[in-house]
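Please look over the sequence and the 3D structure shown here before reading on. The report that comes after them is meant to be read with both in view.

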Amino acid sequence: MTDPKAPWGSGGGAPGHGPAPAPTPPARRSPPAAPDTPHRSTYENGRWSAPHAVRATALHAGAWWLWALGLATAASRTTNPLLLGLVVGVAGYVVAARRTSAPWARSYGAFLKLGLFVIGLRLLFSMLLGSPIPGSHVLFTLPEVPLPAWAQGIRFGGRVTAEQLVFAFYDGAKLAALLVCVGAANALANPARLLKSLPAALYEAGVAVVVAMTFAPNMVADVVRLRTARRLRGRPTGGVKAILQIGLPVLEGALERSVAIAASMDARGYGRTAEVPPAVRHTTNALTLGGLLGMCAGTYGLLAAQGAAYGLPVLGIGAALALAGLRLGGRRSVRTRYRPDRWGPRAWLVAASGAAVAAVLILAGTRDPAALHPGVVPLVAPSLPLWPAAAILIGLLPAFVAPVPPKEASQ
């Protein structure tokens with residue numbers, strides 16, 4: 001017989017319900033779980049290893065463009081196919097190691113195909129239109145089309161020599177390497193962040209470019225959505241009538257989107273400018289225009305065969321003048337910048353690696369031009385100069401110092 005005064009849960013029972021259940025022991029608190037250790041990349045074993053690419057450690061987009069322009073400058077100083085292939089290989093390795101899964105990162109393959117197309121087109125034009133390069137190794141002869149007297153100096157068809165094809169291949173390979181370097185910059189640099197990093201004087205131009213870049217993808221998405229809807233309703237998606245029925249809603253959506261963008265820009269105060277004295281405004285225009293002209297002249301000197309002596313100083317002076325003009329022009333902008341991208345030590349290393357490759361190849365062009373420009377008359381096999389090739393390998397530095405993209409960090 002149990003004590004009726006005993007409380008429930010202490011060995012007693014409720015009246016009329018039999019014995020009470022055994023008391024439940026107090027829950028034991030489990031030891032704190034160890035924090036999940038993030039997966040580290042193979043590049044993070046040392047103290048100075050590359051971190052994962054997050055918002056705080058992401059590389060500045062301008063550093064990728066400076067690195068790519070350095071490789072492009074180096075490619076423009078040589079026609080040696082071995083060195084050009086090495087430049088393309090360095091750019092491709094860095095892209096494979098540090099590109100993300102973003103849509104713009106897929107553009108590198110398109111630039112590679114474009115480079116191959118340029119080489120093939122250059123060879124085709126050389127075979128059809130001839131070449132000023134004399135040659136004695138005739139490969140085949142095409143039917144020659146007679147041209148009128150006013151077209152003297154131009155021929156269509158005729159004999160095709162090995163020397164002219166090799167010369168055309170060297171020339172096309174140089175242009176293809178330049179395109180590949182630009183494609184590497186497009187695949188690695190975030191275009192939105194690059195436009196966000198523009199100086200304040202170029203804010204309006206940057207916003208216009210962003211709006212233009214987002215217009216085409218949205219229009220393509222609207223076309224795909226409307227075609228899918230018509231297909232689900234059993235309506236045809238081809239033909240003139242279907243195109244008109246799809247095009248009108250697409251244009252209407254684009255107009256509504258443009259009106260919404262204009263309203264949002266107006267609500268955010270787009271186009272506001274501060275009062276600037278006329279002297280400052282005229283000085284800004286003079287510095288910017290003079291700087292741009294100096295940069296054009298310096299770039300032409302770097303790309304020309306004999307302009308390396310004056311090209312680099314003129315380019316530097318022009319860039320300094322343009323930056324000073326943009327700095328003064330930024331006084332017109334009254335906006336603030338939210339979380340600007342930082343130019344850290346890794347950005348300096350990436351940009352400096354491209355500049356070092358360009359500087360060494362320019363120096364090699366003045367010291368040993370025969371190694372960088374193999375001859376075709378007489379036809380000789382190109383050789384690989386060692387120290388220019390070693391200098392191009394400096395361009396691999398971003399593959400080890402740039403932050404690891406999220407795709408590789410999650411593997």
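## The chain as a whole

This is a predicted model, and its protein chain holds 14 helices and 2 strands. The chain has 411 residues, of which 32% are buried. When contacts with a separation of 6 or more are considered, 77% of them in the protein chain are accounted for by residues 24 or more positions apart.

## Helix α1 against helix α2

Helix α1, which covers residues 61-76, packs against helix α2, which covers residues 81-98, at an angle of about 165°, and the axes of the two helices are 9 Å apart. Because angles over 145 degrees count as roughly antiparallel, α1 is described as roughly antiparallel to α2. The crossing in which α1 passes α2 is left-handed.

On the α1 side, the contact is made by W64, W67, L71 and A75, while α2 contributes L84, V87, V90, A91, V94 and R98. Sorted by class, the residues of this contact of α1 with α2 comprise 9 nonpolar and 1 charged, with no polar residue among them.

## Helix α2 against helix α4

Helix α2 also meets helix α4, which spans residues 162-188; their axes come within 10 Å and cross at roughly 15°. Since angles under 35 degrees count as roughly parallel, α2 and α4 are roughly parallel to each other. Here, too, the handedness can be stated: α2 passes α4 in a left-handed crossing.

From α2, the residues that make this contact are P81, L84, V87, V88, A91, V94, V95 and R98, and from α4 they are F169, Y170, A173, K174, A177, V180, C181, A184, A187 and L188. The contact of α2 with α4 contains 16 nonpolar residues and 2 charged ones, and no polar residue takes part in it.

Reading the two contacts together, one finds that L84, V87, A91, V94 and R98 of α2 are listed both in the contact with α1 and in the contact with α4.

## Cysteines

How many disulfides does a search of the whole structure find? The search finds 0 disulfides.

Two cysteines can be described by their accessibility. C181, one of the α4 residues in the contact with α2, has a relative accessible area of 1% and is buried, because buried means under 20%. C296, by contrast, has a relative accessibility of 53% and counts as exposed, because exposed means over 50%.

Conventions. Residues numbered from 1 in each chain as written. Predicted model: local features only at pLDDT ≥ 70, side-chain atom pairs only at ≥ 80, totals over all residues. Heavy atoms only, no water. Axes fitted to C-alpha atoms, helices over the stretch in contact; angles between N-to-C directions. Helix = DSSP H or I, 4+ residues; strand = E, 2+ residues; numbered from the N terminus. Parallel < 35°, antiparallel > 145°, perpendicular 65-115°, else oblique. Left-handed = near helix turned anticlockwise from the far one by under 90°. Contact = heavy atoms within 4.5 Å. Nonpolar A, V, L, I, M, F, W, Y, C, P; charged D, E, K, R; others polar. Disulfide = S-S within 2.5 Å. Buried < 20%, exposed > 50% of the residue type's maximum accessible area, 1.4 Å probe, protein only.
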